[in-house]
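Keep the viewer open as you read.

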Amino acid sequence: MSRSEPYRHYIDGEFQSGHGDEAFESIDPATGETLGEFVQGTEADVERAVAAADSAFEEWREYSYIDRAEVLWEVFHELRDRHQELGEIVTRESGKEISEGKADVTEAWHMVEWAAGNARHPHGDVVPSEIAAKDSYMRRRPRGVVGCITPWNFPVAIPFWHMAVALVEGNTVVWKPAEQTPWCGQIVAEMLDDAGIPDGVFNLVQGFGDAGEALVGDDRVDTVLFTGSAEVGHEVAGRVGAERGKTASCEMGGKNAIVITENADLDVAVHSAVLSSFKTTGQRCVSSERLIVHEGVYEAFKERFVDLSEQVTVGDPLDEDTFMGPLADEAQVEKFHEYNQIAHDEGATVLVDRADLPDEAIPEGCDGGFWVGPFVYEIDYDPDLRSITEEVFGPHVALIEYSGPVERAVEIHNEVPYGLAGAIISDDYREINHFRDHAELGLAYANLPCIGAEVQLPFGGVKQSGKGTPHAREVIEAVTDRTAWTVNNSRDIEMAQGLSAAIRTESETGAETDR
């Protein structure tokens, strides 16, 4: 990827250097190698991108749904045809192992396929009127400029969660990708440019939080779609919604748990827990950091889970045999170690401590990477403990023993400020149904890991985990307004308005019924 000058923003149909003279690097988390330099966006760059999107909106909204979707069908084919190549780019820049890098691209093309295919589906509702001479229906209208702010852990899939639907619905887009994965942002911009998207309809500004703040604060931005941390997401929601009266749809973090009851199949339980805790090195918003296990199966589960945690293969993410790659950057490493120490200080009994990998465990040529291994502990439950209530975003996993019925496990599950994802492992449908009805979350699984997504389903949470659902069908609600239409098919305005019946009823009863 090396080149002599930094990669640029994509604004108003052109790759442009922008107003600033600073650049930043994309770093391979496995090796510490510089993958490329990128122009760092400024407030002026964001202003120019928003102006381009605002100017392009009126023309873009006049395209038919089908014509707008045609641009995305070109992107769909490129995502699918370059699956292996793009998966390797995702892996090199985000650090997640290669099967997950390719899965990121697969989910992106699934989302584009869904959004483009949805262009040929109904986009309104015809409803019966009270008056036979009238037709009533609802139409959707695009909002205008949509600002998209996306994370590094799914650097291709999540941007298309946001942008694909917004574009098909007739909005224009300004996108600020995560500063850790600008190369993926560059690739997406190139694909949309190659697909022939009209000037100004899609814009990319690379950079850090100040660029995101400028995007959130611009009055011409009608909707903000955000995926990231709860701290930032709630600030975004407050600024956009409370201060400006516009729409913010934010999917945020979680302190997710798997409940393992006394009626669990332990084969299912152990493998679900390992996948939920350690895939993507625990760096998914849906990763499990709490395993709530019934006392009747606790020791058996603990023994098997600890054994597999010790065997998890940490290695070169481009190696097909690797299960877990590095953390994303040095900040993630520091946070991981900080919370491991907090668990120690709060009285945890450590069961697996591979946090500091020995030199021989680090892949050859990767000594500059951000390497850690699983950290697993058991701890007496107390809802005030930071280690089991605050999100770590790493392979940091607490085992919590409970006694009594499943109701107690669900109480423990709910005693955190988050409510994103969770799972129950049980062969008793009554326990599953109680979890279904009482667990406070947005994504629930039974006898499965708590990670994963399908593009046709909502993806979002409750409490501090969500202020909206910036994904698939739910994005439509965030980026469009519905207009209720009533059409008179009669020349008799009194009949069409129901006035004759209203006057008759009023004269007979003395009641006023005209609406």
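You will find A30 in the loop between strand 3 and strand 4. Helices (H or I, at least four residues) and strands (E, at least two) are DSSP runs here, numbered from the N terminus. With a relative accessible area of 3%, A30 is buried; buried means under 20% relative accessible area, exposed over 50%, and partly exposed in between, with a 1.4 Å probe and protein chains only. A30 and L318 are 288 residues apart in sequence, yet their C-alpha atoms are 9.4 Å apart in space.

Before going on, a word about where these values come from. This is a predicted model, in which local features need pLDDT of at least 70 and side-chain atom pairs count only at pLDDT 80 or more, while totals for chains, interfaces and linings use all residues. Residues are numbered from 1 along each chain as its sequence is written, and side-chain values use heavy atoms, with hydrogens and water left out.

Now look at the charged residues. Side chains of opposite charge can pair when their charged atoms come close. Counting a salt bridge as a side-chain nitrogen of Lys or Arg within 4 Å of a carboxyl oxygen of Asp or Glu, the total comes to 26. One of them joins E33 and R92, whose closest N and O atoms are 3.6 Å apart. Because E33 lies in the loop between strand 3 (23-27) and strand 4 (34-39) and R92 in helix 3 (residues 83-94), this pair ties together parts that are 59 residues apart in sequence. Both partners are partly exposed: E33 has a relative accessible area of 39%, and R92 has 26%.

What separates D45 and R48 along helix 1 (residues 43-61)? They are three residues apart, or about one helical turn, and their side chains meet in a salt bridge at 3.5 Å, N to O. D45 is buried at 0% relative accessibility, whereas R48 is partly exposed at 26%.

K279 sits in the loop between helix 9 (266-278) and strand 13 (288-294) and E97 in the loop between helix 3 and helix 4 (98-118), so the pair ties together parts 182 residues apart in sequence. K279 is buried, at 13%, and E97 is buried too, at 2%. Salt bridges that share partners join E97, E100, K279 and R284 into one network.

Next, turn to the nonpolar interior. A nonpolar core is a set of buried Ala, Val, Leu, Ile, Met, Phe, Trp, Tyr and Cys residues joined through side-chain atoms within 4.5 Å. The largest one has 98 residues, and L79, F160, F202, F301 and F305 have the most contacts inside it. Helix 5 (residues 157-168) supplies the largest share of this core, 10 residues. Apart from it lies another core of 25 residues, among them I11, V46, L215 and V221.

Finally, step back to the protein chain as a whole, which has 16 helices and 22 strands. Of its 515 residues, 55% count as buried. Its C-alpha trace spans about 85 × 65 × 40 Å along the principal axes.
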